[in-house]
Each structure stands twice: as structure tokens, then as C-alpha cells.
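Here is a short report for a first look. Please view the sequence and the model before reading on.

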Amino acid sequence: MRVRNTCLLLHILVSLVTSQHPAHADEYQARLIPFEDLKPEGARITVCWAGIGIDHNQRVYFAASDQNDKRPDDTVIFRYDTRTDSRQLLGTLRGISQAQGNLEPDESIGKIHVSFMEHRGKMYFSSHDYHDIKSDYSDMYERRGGHFYAFDLKQETFEDLSVTDNYGVSVPYQGIIAMDILRSQNKLAGFTFPMGDLLIYDLRSRRTTFYPGVPEYRM
């Protein structure tokens with residue numbers, strides 16, 4: 001789902017999470033909640049690529065691309081508290097990775113294509129840097145690769161989980177376009193684009209295991 005108006009998407013979501021199961025559709029109310037004033041200096045907020053989630057305290061997380069002509073693409077993460085009506089800028093993907101020494105100088109991290117998912121006190125998500133790709137895959141190797149991330153709900157801190165993987169990414173050159181959590185095993189499962197490979201990130205060992213996808217869809 002590609003949504004060009006991030007504010008529009010958020011205020012629709014807020015109307016759903018704050019309503020108490022009304023009996024009639026006309027009882028839903030939508031409010032415009034702008035975030036443009038919170039964006040990082042110089043950011044050009046463009047698209048939300050379905051990077052949305054809500055924690056057990058009814059706080060909504062959402063991510064929007066920062067497609068900036070003056071620096072590599074980035075992704076900005078905001079949070080809205082439905083109980084207090086407060087808004088926050090939580091950070092950016094490039095900023096999170098840079099803080100952990102896991103960002104290459106010209107690395108772009110342009111999207112979050114997965115839901116923010118809560119598990120054992122943290123919100124988990126992953127990065128995906130592009131959508132279209134040339135038929136010969138020649139531009140695939142211009143991207144560093146996909147990262148897994150976590151946000152600690154108690155400490156209010158981010159972590160680039162892929163810093164402990166080989167080369168600092170959980171899959172080189174590709175993006176992580178889908179993700180789920182194997183909760184009983186304490187692992188993250190990711191699906192890559194464009195090759196359709198499977199990733200399993202073990203939250204205990206802090207390492208990713210790679211499983212190649214269907215051969216006919218690979219290079």
C-alpha cells in the first residue's frame with residue numbers, strides 16, 4: 001500500500017484506535033494531526049509505505065520516507081499517544097544506525113515496508129531501501145542491504161540489530177519487505193525483495209540465518 005499523504009493516513013488510524021466500537025459508521029470521527037512541524041531540519045517527508053504499528057499503551061508508531069535531494073534517502077519515525085494527544089519525533093533510520101557505528105557515508109535507508117510489531121517489551125521493524133529495480137538487477141548492488149531494528153519501550157531507545165551480522169546488514173543488497181515474529185522461539189522472520197529469500201534473526205544469538213528463495217526467481 002502506497003500512501004502519499006502521511007497525515008491523512010495517521011488521522012484515519014487515530015479515529016479507529018480511539019473509537020469504542022461504535023454501533024454505526026457515522027459515529028467514527030477523524031481528526032487531522034499534523035507532524036510536519038516535528039520533522040528533522042531539511043527533511044522532505046513524502047510517502048508512508050505501511051510502516052505503522054501500535055503498542056499495548058495505545059501509542060501509534062508510523063514511518064515516512066525522507067526523499068531529500070541534498071543527502072541520501074532516510075526514514076523518519078513518529079509516535080502519537082492516543083491517551084494524551086501528544087506527538088513525538090522518535091528518530092530516523094540513518095540516525096539510529098549511525099549512532100551504533102553501522103552506517104556507510106552514502107547509505108540510503110529509504111523505507112519501512114513492515115508493521116511495527118511489539119514483542120517482549122520492544123517494537124520490532126526492518127528496512128527496505130527501494131521498490132522498482134532494473135530487469136538486469138544492475139542497480140541492486142547500489143544498496144547496502146536490509147537492517148532489522150528494535151525500539152525499547154521502557155528505555156525509549158533504538159537499536160540497529162543488524163550491527164552484529166556480517167557486513168552490518170541482515171541481507172546484503174536486498175531489502176526486507178515483509179516481517180513477522182516467531183514469538184515462542186524469540187526470532188524475527190524476514191522476506192526479502194527482490195529475490196524472495198527468507199531471513200531468520202535470532203534475538204538471543206543476535207545473528208541472521210539466510211535461506212534462499214525459489215530458484216527460478218533468483219538471479
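The report covers basis, sheet and cores.

## Basis

This is a predicted model, where local features need pLDDT of at least 70, side-chain atom pairs count only at pLDDT 80 or more, and totals for chains, interfaces and linings use all residues. Residues are numbered from 1 along each chain as its sequence is written, and side-chain values use heavy atoms, with hydrogens and water left out.

## The open sheet

An open sheet is formed by 4 strands in the order E11-E12-E13-E14, with antiparallel pairing. Helices (H or I, at least four residues) and strands (E, at least two) are DSSP runs, numbered from the N terminus. Two strands pair if DSSP finds at least two bridges between them.

Strand E11 (175–182) and strand E14 (207–211) stand at the edges. Each has a single partner strand, so one side of each lacks a neighbour in the sheet.

Strand E12 (residues 187–193) pairs with strand E13 (residues 198–202) over 5 bridges, in the antiparallel sense. Phe191 has Leu198 in E13 as its bridge partner.

## The nonpolar cores

A nonpolar core is a set of buried (under 20% relative accessible area, 1.4 Å probe, protein chains only) Ala, Val, Leu, Ile, Met, Phe, Trp, Tyr and Cys residues joined through side-chain atoms within 4.5 Å.

The largest nonpolar core has 30 residues. Ile77 and Phe125 have the most contacts inside it. Elements that each supply at least two of its residues include helix H2 (93–99), strand E8 (148–152), E11 and E13. E8 gives the most, with 4 residues. A second, separate core of 9 residues includes Ile33, Ile52, Val60 and Val76.

Definitions and conventions: Buried means under 20% relative accessible area, exposed over 50%, partly exposed in between (1.4 Å probe, protein chains only).
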